[in-house]
Amino acid sequence: MHRGFHLITDYVLRELPELAQVRAGLLHVFIQHTSASLCLNENADPTVRHDFEQFFNRAAPENAPYFRHTSEGPDDMPAHLKAAVLGSSISIPVMHGRLALGTWQGIYLGEHREHGGRRALMLTLMGE
């Protein structure tokens, strides 16, 4: 996966056909990586992804002279910082077989490495 913020709501829904059976519950999504993150945000305007990327690249720039953890390249430490700020998991309520997301909310995977490779998500669905 390449660097950027990727809208993954549809991917998550495809992987959870049993969601339709849940009347009330909770979906927990966890990413098993330290240089990628998850968040909920606006899914209607694609410029949101660009603006997220611009903000976080300025907040944690590559090649900053104060970073010491650079053994995997100049995007290594900035990626860890971005992932720490955004987080590795989200929880979403489930109501009547659907994610109870707001009108403009979507699930984003933030890939903070130039070439992050394959990323693994753990999806835990609880409910009745």
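User: Which residues does L38 touch, leaving out those up to four places away in sequence?

Analyst: Bear in mind that this is a predicted model. L38 touches I8, V29, F30, I31, L86, G87, S88, S89, I90, Y108, L109 and L121. Touching here means heavy atoms within 4.5 Å, so each residue on that list has to meet that cut-off against L38.

User: What makes L38 part of a nonpolar core?

Analyst: A core takes buried residues of types such as Leu, joined through side-chain atoms within 4.5 Å. L38 is one of the 16 residues in the largest such core, and it's listed with L27, L99 and I107 as touching the most other members. As for where the core comes from, β2 (24–31), β3 (36–42), β4 (89–95) and β6 (105–115) each supply at least two of its residues.

User: What makes a residue count as buried, and what share of the chain is buried?

Analyst: The cut-off is under 20% relative accessible area. Buried residues come to 38% of the 128 in the protein chain.

User: How many helices and strands are there, and in what pattern?

Analyst: You'll find 3 helices and 7 strands, running β-α-β-β-α-α-β-β-β-β along the sequence.

Notes:
Residues are numbered from 1 along each chain as its sequence is written. This is a predicted model: local features need pLDDT of at least 70, side-chain atom pairs count only at pLDDT 80 or more; totals for chains, interfaces and linings use all residues. Side-chain values use heavy atoms; hydrogens and water are left out. Helices (H or I, at least four residues) and strands (E, at least two) are DSSP runs, numbered from the N terminus. Buried means under 20% relative accessible area, exposed over 50%, partly exposed in between (1.4 Å probe, protein chains only).
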